[in-house]
Amino acid sequence: MPSAERPRRVTVVPGGPVLVEGPVELCTPDGEVVRSDRFVVAVCACRRSKRFPFCDTSHRKRVRTQPGNG
């Protein structure tokens with residue numbers, strides 16, 4: 001089936017990004033349109049990425065608390 005007729009696959013990764021088959025254009029909340037020609041694009045779902053709207057794996061960084069500190 002030609003790609004124009006095939007639906008795009010979107011995979012939601014628990015605790016991680018949303019993976020979208022590319023190429024894609026993303027519209028950010030401030031109205032900017034960004035494009036990626038990659039085969040699969042990782043879209044940030046946590047808004048911690050310094051490359052937002054693209055994921056930079058910042059969701060993996062967690063602040064650890066020591067026992068007794070809250």
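This is a predicted model: local features need pLDDT of at least 70, side-chain atom pairs count only at pLDDT 80 or more; totals for chains, interfaces and linings use all residues.
1. Strand β3 covers residues 24-27 and runs antiparallel to β4, with four bridges joining the pair. To find your way across, look for cysteine 27, which has valine 33 of β4 opposite it.

2. Val34 and Ser36 make up the covered face, while Val33 and Arg35 make up the uncovered one.

3. Next, please visit glutamate 21 in strand β2, which spans residues 18-21. Is this glutamate buried or exposed? Its relative accessibility is 19%, and buried means under 20%, so glutamate 21 counts as buried. Its side chain makes a polar contact of 3.0 Å with the side chain of arginine 6. Setting aside residues up to four places away in sequence, glutamate 21 touches Arg6, Arg8, Arg9, Phe39 and Val40.

4. Finally, proline 17 lies in the loop between β1 (10-12) and β2. At 10% relative accessibility, this proline also counts as buried. Which residues does proline 17 contact, leaving aside its neighbours within four places in sequence? They are Thr11, Val12, Ala42, Val43, Cys55 and His59. Take a look at alanine 45 too: this residue is 28 residues from proline 17 along the chain, yet their C-alpha atoms are separated by 5.3 Å.

Key. Residues are numbered from 1 along each chain as its sequence is written. Side-chain values use heavy atoms; hydrogens and water are left out. Buried means under 20% relative accessible area, exposed over 50%, partly exposed in between (1.4 Å probe, protein chains only). Helices (H or I, at least four residues) and strands (E, at least two) are DSSP runs, numbered from the N terminus. Two strands pair if DSSP finds at least two bridges between them. A polar contact is a pair of N or O atoms within 3.5 Å; within protein, one must be able to donate a hydrogen and the other to accept it, and residues adjacent in sequence count only if both atoms are side-chain atoms. Contact means heavy atoms within 4.5 Å.
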